[in-house]
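Hi,

Here is the structure I promised to pass on. My notes on what turned up follow below it; have a look when you get a moment.

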Amino acid sequence: MKSVVIHGPKDLRVEEQQATAPGSGQVQITMATGGICGSDLHYYNHGGFGAIKLREPMVLGHEVAGHITALGPGVAGFEIGQLVAISPSRPCNACKFCLSGMQNQCLNMRFYGSAMPFPHIQGAFRQVLNADVSQCAIADGLTPGEAAMAEPLAVCLHATRRVGNMVGKAVLVTGCGPIGILSILCARRAGADFIVATDLSDFTLDMARAAGANLTVNMGRDSDGLDQFTPDKGMFDVLYECSGAAPALTAGIHAMRPQGTVIQLGLGGDMTLPMMAITAKELSLKGSFRFHEEFHTGVSLMQQGLIDVKPLITHTVSIDDAVAGFEVASDRTQAMKAQISFV
């Protein structure tokens, strides 16, 4: 089978690897589609991000879907030929965080395509994958491309859950990549009344408006674009910070109303925060990291037509053209979500 393997910055190779039979409690999946994520791009462009660096070749990818082609011993409730969205999150279910219901904080997490531990956790950009049944959500009625969007959608559903009540809220979303756009969709589905989105790219801001943002601001052209929301101590109830950039977070905080909630999704490294403003406004600053049960919820919402991710999928390339796919995915002037076809 073919796999997409990163060896270092700009050193991405399509290599032959050996497929194995599924084990007990596993299904074998012939992969159909994989979405290129921001973390994949960090490995491709920089060999890692922050303190996380590649120390050995690693199969990339964690936003994937495919069709079941074999059932391992003891598997029930699944059938050969079914399309499944595959959660990349494999908590141990034995550590203190798993046992307290915080599987996303698992001490022994095995997350596809992660260089955080060593040896690295190999990813899912491969033509054949064996997955535990607990990772698989039956995705009947969806296209493989839609099913592969379940992972980033779950990230945003988890963040929305962390915020709490959204009904009638005014929401600011900073950073309009896939996570920002999906955050707009999640916030609106959860009851948000007014949504403003900021970014530096007209292309991504056009996507934000199409996704339901009431207003967009290009902060590259209009660095004071949020000033209209700062009088009387600000107006936004919720800030989804999806860029990981300190200027975006700072500008957003100044537009927040007192006792609002900042939910940080973007992972751009450590940032200097305007602590005086956070303190004086009594803001709640929350982190949001990965997801767990929200993965299956995301698949269900897509199946019911309550969240439409199709417009986010702007490019699809073959596995043999994976390098071209990573290059186009790196261009925020034309790509929202680039996917790889494995068939």
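Strand β1 (residues 2-8) and β2 run antiparallel and are joined by six bridges; strands here are DSSP E runs of at least two residues and helices are H or I runs of at least four, numbered from the N terminus. Within that pairing, V5 sits opposite R13 in β2. Before I go on: this is a predicted model, where local features need pLDDT of at least 70, side-chain atom pairs count only at pLDDT 80 or more, and totals for chains, interfaces and linings use all residues. Residues are numbered from 1 along each chain as its sequence is written, and side-chain values use heavy atoms, with hydrogens and water left out.

β1 and β2 belong to an open three-stranded sheet, order β2-β1-β6, with antiparallel pairing (two strands pair if DSSP finds at least two bridges between them). β2 (11-16) and β6 (58-59) are at the edges with a single partner strand each, so one side of each has no neighbour in the sheet. Helix α1 (residues 38-46) packs on this sheet and touches β1, β2 and β6, its direction making about 55 degrees with that of β1. Contact means heavy atoms within 4.5 Å; angles run from 0 to 180 degrees between N-to-C directions, with axes fitted to C-alpha atoms, for helices over the stretch in contact. Helix α10 (residues 322-329) lies across β1 and β2, at about 145 degrees to β2.

Then there is the other sheet: six strands, open, parallel, in the order β15-β14-β13-β16-β17-β18. Its edges are β15 (215-218) and β18 (284-287), each with a single partner strand, so one side of each is left without a neighbour. On average, neighbouring strands are turned by 15 degrees against each other, direction ignored. β13 pairs with β14 (residues 194-199) over five parallel bridges, and T174 has T198 in β14 as its bridge partner. Helix α6 (residues 202-211) lies across β14 and β15, running at about 170 degrees to β15.

Which residues of α7 (246-254) are buried? They are A248, L249, G252 and I253, buried being under 20% relative accessible area, exposed over 50% and partly exposed in between (1.4 Å probe, protein chains only).

Cheers
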